[in-house]
Amino acid sequence: MKDTTIDILRKVPAFSKLKEEALKKIANMTIERNVRKGSIIFMDGDPGEAFYFVKSGKIKVYKTTADGRELIFTILSQGDVFAEVTLFNDIPYPASTEVLEDASIGMIRNQDLEELIRGDADIALQIIKVFSKKLFASQQKVKELALGDTYMRTALTILKLGEEHGVESAAGIEIELNISRQELANMIGTARETVSRALSQFKKEGALEVQGKKIIIQDIKKLRSWVQ
């Protein structure tokens, strides 16, 4: 049976602990959209009028630098919230989003949610908690980029992708994302050649296997040893 909007909302951390009545209110204001692979949901600098959550599929959040390089902040999947930074702030979107594989997303206009929050302290508290965690994660990303060497950052990124998108199998933890080696390098903040060298080293040690765009973590302890 296909999940209803309320079922999906229960999987969104910002809403997961809300009561049924609150979930129904949010579901009623949710605009559902089906978006095809390669579609742009919004661009860096567009008016920040709404925030979104992923019902299915995968979304890339990225920024293009002044010299044309692409920096990927994260890959989103079911239950993830994005563009929430515009809520309460009346600011443009600070990054761009592209659909990596056909997706279904929920869009909630900031004005509608802000009006609901004013009369519901439970919703306000849940959203504040989740957004605070995401801010902490962003700060950790900056710290990793500043202090870690490229092999360590590559290992950290793969471990994070495994935790968020990996599927356990007899071969190990399989991570199948529709991103290129260059896009993986953009996530890590380094050159494609450096990532290739790191992956080759991890493969040589038996930590992982690379099959096209699929990465299989075969020995998570060996991979973690690069970040300890």
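Reply: Happy to. Let's start with a term: a salt bridge here is a side-chain nitrogen of Lys or Arg within 4 Å of a carboxyl oxygen of Asp or Glu. Keep in mind that this is a predicted model.

Me: Good. How many salt bridges does a search of the whole structure find?

Reply: The search turns up 14 salt bridges. One of them joins the side chains of R36 and D102, at 3.1 Å from N to O. That pair links distant parts of the chain, 66 residues apart: R36 is in the loop between β1 (31-35) and β2, and D102 is in strand β6.

Me: Is R36 buried or exposed? And what about D102?

Reply: R36 counts as exposed, because its relative accessibility is 58%. D102 has 39%, so it counts as partly exposed.

Me: Which residue forms a salt bridge with K60?

Reply: That's E183, with the closest N and O atoms 2.7 Å apart. K60 belongs to strand β3 and E183 to helix α6 (residues 181-188), so this bridge ties together parts that are 123 residues apart in sequence. K60 is buried, with a relative accessible area of 1%. E183 is buried too, with a value of 15%.

Me: Which residues are linked with K60 in a network?

Reply: K60, E70, E98 and E183 are linked in a network of salt bridges.

Me: What about K160 and E164?

Reply: Their side chains meet in a salt bridge, 2.8 Å from N to O. K160 and E164 are 4 residues apart in helix α5, so about one helical turn separates them. K160 counts as partly exposed at 41% relative accessibility, and E164 counts as partly exposed at 38%.

Me: Why does a spacing of four places matter in an α-helix?

Reply: An α-helix has 3.6 residues a turn, so residues three or four places apart point the same way.

Me: New topic. At what angle do α5 and α7 pack?

Reply: Helix α5 (residues 150-165) and helix α7 (residues 192-204) pack at about 75°, and their axes are 10 Å apart. The two helices are therefore roughly perpendicular to each other. By class, their contact has 7 nonpolar, 4 polar and 1 charged residues.

Me: Which residues meet there?

Reply: From α5, T150, Y151, T154, A155 and I158. They meet T194, V195, R197, A198, L199, Q201 and F202 in α7.

Me: Last one: how many residues are in the largest nonpolar core?

Reply: There are 40, and F15, Y52, I59, F82 and L113 have the most contacts inside this core. Several elements supply at least two residues each, including α1 (5-11), α2 (20-29), β6 (96-109) and α4 (121-147). Strand β3 gives the most, with 7 residues.

Me: What is I59 in contact with, leaving aside neighbours within four places in sequence?

Reply: Among its contacts are I41, V54, I75, L76, F82, V99, L100 and I105. There is also another core lying apart from the largest one, with 26 residues, among them Y62, L161, I188 and I217.

Notes. Residues numbered from 1 in each chain as written. Predicted model: local features only at pLDDT ≥ 70, side-chain atom pairs only at ≥ 80, totals over all residues. Heavy atoms only, no water. Axes fitted to C-alpha atoms, helices over the stretch in contact; angles between N-to-C directions. Parallel < 35°, antiparallel > 145°, perpendicular 65-115°, else oblique. Contact = heavy atoms within 4.5 Å. Nonpolar A, V, L, I, M, F, W, Y, C, P; charged D, E, K, R; others polar. Core = buried A, V, L, I, M, F, W, Y, C linked by side-chain atoms within 4.5 Å. Buried < 20%, exposed > 50% of the residue type's maximum accessible area, 1.4 Å probe, protein only.
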